[in-house]
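Student: I've got a model open on my screen and a few spots I'd like to talk through. Can we take them one at a time?

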Amino acid sequence: MNLILSKAVTASDTTPSAGDHRIREIAESLSLEHQIQLLTGADVWSTHAIPEIGLKRVVLSDGPSGVRGEDFDERHDSASLPSSSALSASWSPELARRYGQVLGQEARRKGVHAVLGPTINLHRSPLGGRHFECMSEDPRLTAVMAAGYVSGVQSMGVGATPKHYLANEAETERFTADSVVDERPLRELYLAAFEDAITEARAWLVMSSYNSINGTTASENKLLERPLSTEWGFDGVVVSDWTGVRSVEAANANQDLEMPGPVGHWGPKLLAAVEDGRVSRDKIVEKVTRILRLAARVGSLEGFEPAATELPAQLNAAAVAREVAVRGAVLVRNKDNLLPLDAASLSCVAVIGHNAEEARTQGGGSATVMPKYTVSPLAGLRKALPDGVKVSYARGAKVAEGLQPFARESLFNPVSGVPGLRVTFLAEDGSVISGEDRLASHLIWFGIGIPEGTVAIRMQTEWSPERAGVQHVGAGTVGRMRLELNGNQVFDGELVDDTNVLGAALFEPPQTVHAIETAAEQSISIDATYQLPESQVIPFTAILLGSETIVDDPHAEIAAAVADARRADVAVVVVGTSAAIESEGFDRKDLDLPGHQNELVEAVAAANPRTIVVVNSGSPVLMPWLDKVGAVLIGWFGGQEFGTAVTDILLGNEEPGGRLPTTWPAALEDVPVLNTTPVDGKVVYSEGIHIGYRAWLKQEAAGGAAPALPFGFGLGYTSFELGRAHAPQSVPAGQDVKVHVPVKNVGSRTGRETVQVYLARKESDVERPVRWLAGFAGTHLAPGGTESVEVGIPAKAFGHYDGGWKFEPGSFQLLVGRHAADDFQVLDIELR
C-alpha cells in the first residue's frame, strides 16, 4: 500500500497537528512486522527505509565536537571543533548556537540526519573519563549552552541528540553500573542539565545511557516517561546508546529506537512479545510514530515538508573552530602583565613540550573525527612570529605513552607510489578482494568499509623517521596480527584485550612494539596483516600502526629544554594529557600531568621567569607550579585551529575570553566529590545537591580546603568595573527575575566580561548550597565602553524539588560578581 501524501505537510510543529495525525495514520497502517523492523537499526548507523510509504533511511552520526559520518575514513575529513569543555568555557549560548550550526552544516555535507550530541552529563568528579566531552559541573550553565547547541544543529534541519540520559557521569563499569541518586539532586542537577534542550530548544532526539538509575537500566527506566515525555513534552525519538537496549522489557518503557542493527534484543523477540500480550500494540505504534515524525522533520519521509525549509547562511567551519578556541581559552595567571607578548620586541622564543608539537585537539573514543589538518602551538607560533624571531623547540618531557599514529607526511605507499599506505582486503584463499590507498595509519571500520568475504586485511607502507637512531615501531589492535619490518617477521600472534571494554581496540588497544635502528634518511618497510575474527557482535575493527617515543634519560631532555629557555626572551611550555588519560571507556586514576611535565615546568620557570604555560587538557589537572610561572592559559582540547588560537592570544591579536566551567583543585585529596568506581555495582551519589563548586563551598564553610581556581574564574587583557546592580525587591513565587548590571571597560583594550549572578539564602528550612549559579550574561566592550547587562534568573532557580517543585517564601540574596568565590555585590530579594 502506498501512503505517500500528495500534499506536503509541515513536520516542524511540536503540538498535535494535521501532519502529526497523518504520521500516526501511516504508523498504524503498517504491518506489525514492518513496525517492529523500524524499531531496530538497519545497520550500525541508520534506520530502515520503507520505499512503499516514501520512507528513506535516517542516518545518525557521532558528534559532539565534529560529525564523522558513517565511517572513520580520514579521506572523508570532518571539521574538528574544540571540546565541549572549551565551548562551555565561553559562557556564550550564542556561540554555542553557531557551534551547533557548523555541526548541522557538516551533517548535511556528509548525508547525516541526526548528530549524536551534545553530551550534557555533569562534571560530578574531575576523574570522569569523558569530562572533556561534557560541558560543566553546573546544571544552569550546562542547560543554557546545550540549548544553544541544539538550536544551532536543528536550524540546519538536522536532529540533535542530548545524551546520555541519565546520571552517566563516569566510565568505570559503564555498561552495568547503577547510579543511585536521590530524587532532589536528580531533579535539581542531573535532569535540570537536560531540561532546556528539550523544553526550549525542542530537541528531536534523546539518547538513553548504558547505566542504571536507582536500580533500573536507562532504556527501561520510567524517567524516559516522566519528566521527559509528560512534563517536558518531548515528542522526539529516544535512541539507545549503542547496545544499550538489554531486553524486550525496554519496549514497555519510552525507549523508541534500538541501535545498532540489524540484530539486537528486539526484532523477532519483540514481535513475539506483542503477539502474546507482554508489550501492547499501542506502545509499538507510538514508537513508530515518533520515528516517522523524526524522518519527516529531517526530510526522509515523502509528502512532508522538513522542519527547516529556510536554512541560515553558511558559516566558515574553520573560523568558528578558531573563535571557539579563542573565546573558550581561560587565562588564569598573568603576573606583571606578561601577556600579551609584543612580537616586535622578541628575538628568541623557546617553545617546549611534547604537546606543543603533537597537540591533543580532541578527546578519545566515539567523539573522534578525522580533520583535514590540525595546527599545533609550535606551528602556529612559527607561522605568526616575524622572520627575525628565532623559534627553538625542545620536547622536554614525553607525554604520549605507547604507540602513536605515524605523521601522514612521513608515509609512502610502495604499491601505488603515492603518500600514505596500501590496504588490501583478502579472501579466505588469499586472493585479493579489493584494495585502497589510505592516508593515515590509524584505521577504523565500524559497520561499513570492509568488503563481504574479507578474512584478512593487509597494510603496507614505508615510514621515514624524522631522525636517525633506534625507532620503536609496532601495531595495536585486538586479535591476530602478523607484522614484518624491513622484510623480517617480528610478530605473529594474538593481541588480547583484558579490559572487556566494548571498542577497546579503539580506546586503548594491546600493542606489540619492536626496536629497529635506522640511518639518516632511511625508511622502514612495514607489512602487517590482521586476521578478522570469525564473528563479531558489532562489526568493529581498529588497527593502529605507529611508533612509540622512548626516552632513555628524562633529565637530559629537561636539561635541553632549560638550556633553550635560558637563551630565550620568553619560554612557552605546552603541557597536557594523552589519549591514555582522557577518553571514552575509562576514568582517570588521578589528576597529575603525565610523565615529567611538572618537573619540566619547574625547571624552565627557574631558568626563565618569563615562562608561559599553555595547558592542553580537556579537564582539570594539578598545577603545583601555578604560582611560580609568569602566565598560565588553559586551552583545553582546542580543535583543528588550536595552535592558531593560542598564538593569537599569546601575541595579543585576540583576547582570552573564557571563564572556568568547572572547579580546578590544588590537590587530589582536596576534591570533595571524587569517586567514580562502583562498589558492589553501585555509584552512590551521596553528596546529594552538593557537586562542583557547591561541594567546595560546603567544604570550605566547614574549614576544609579551597580549590586552586574557582568555578567561573578567568582573566583578560583589560579591566572592567561592575556598577550598582538593580533587581526587584520582591517577586511572587514562580516568576522569572531580571537583574541589570552596569558594566564599564576601564582598561586600554577591547575585551569580554561575563557577569555571573548567584543565589543564596542565609536561613532556610530546606538544605541548600552555600550559593548556586542562577544566571549569567556576557558583554564585549571597547575601552571606555559601557553597557547595562541584563541577566535573566528563571523562576525555578528559587525552587527546590520535594515531590514537585516547591518555593520557600522569604528572603534570598542575589550575589553579583565574576566567579563563584568573588567579593560579591549583594542584593536582597523577597520571594512571596
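Student: Which residues does Glu808 contact, leaving aside its neighbours within four places in sequence?

Tutor: Keep in mind that this is a predicted model. Glu808 sits in the loop between strand S38 (805-806) and strand S39 (810-817). Leaving aside the neighbours within four places in sequence, the residues touching Glu808 are Arg761, Ser764, Asp765, Val766, Arg768, His800 and Leu831.

Student: And is Glu808 buried or exposed?

Tutor: The relative accessible area of Glu808 is 11%. Buried means under 20%, so with its 11% Glu808 counts as buried.

Student: Which side chain makes a polar contact with the side chain of Glu808?

Tutor: Look through the contacts of Glu808, which include Arg761, Ser764 and His800. The side-chain to side-chain polar contact is at 2.6 Å, and the partner is Ser764.

Student: Moving to the helices, at what angle do the axes of H4 and H5 cross?

Tutor: Helix H4 covers residues 93-109 and helix H5 covers residues 139-154. Their crossing is right-handed. The axes come within 6 Å, and the crossing angle is roughly 35°.

Student: How many nonpolar, polar and charged residues are in the contact of H4 with H5?

Tutor: On the H4 side you'll find Pro93, Ala96, Arg97, Tyr99, Gly100, Gln101, Leu103 and Gly104. They meet Val144, Met145, Gly148, Tyr149, Ser151, Gly152 and Val153 in H5. Gly is counted with the polar class here. Sorted by class, that contact has eight nonpolar, six polar and one charged.

Student: What about the peptide bond between Gly63 and Pro64: cis or trans?

Tutor: Pro64 is in the loop between strand S2 (60-62) and helix H3 (84-88). Most peptide bonds are trans. For Gly63 and Pro64, though, omega is about 5°, and the bond is cis.

Student: Is Ala167 buried or exposed?

Tutor: Ala167 is in the loop between strand S4 (159-160) and strand S5 (178-180). Its phi is positive, near 55°, and it's not a glycine. With a relative accessibility of 1%, Ala167 counts as buried.

Student: Last one: what is the phi of Asn486?

Tutor: Find Asn486 in the loop between strand S22 (479-485) and strand S23 (488-495). Asn486 is partly exposed, at 33% relative accessible area. Most residues other than glycine have a negative phi. Asn486 has a positive one, about 50°.

Key:
Residues are numbered from 1 along each chain as its sequence is written. This is a predicted model: local features need pLDDT of at least 70, side-chain atom pairs count only at pLDDT 80 or more; totals for chains, interfaces and linings use all residues. Side-chain values use heavy atoms; hydrogens and water are left out. Axes are lines fitted to C-alpha atoms, for helices over the stretch in contact, and angles run from 0 to 180 degrees between N-to-C directions. Helices (H or I, at least four residues) and strands (E, at least two) are DSSP runs, numbered from the N terminus. A crossing is left-handed if the near helix is turned anticlockwise from the far one by less than a right angle, and right-handed if clockwise. Contact means heavy atoms within 4.5 Å. Buried means under 20% relative accessible area, exposed over 50%, partly exposed in between (1.4 Å probe, protein chains only). A polar contact is a pair of N or O atoms within 3.5 Å; within protein, one must be able to donate a hydrogen and the other to accept it, and residues adjacent in sequence count only if both atoms are side-chain atoms.
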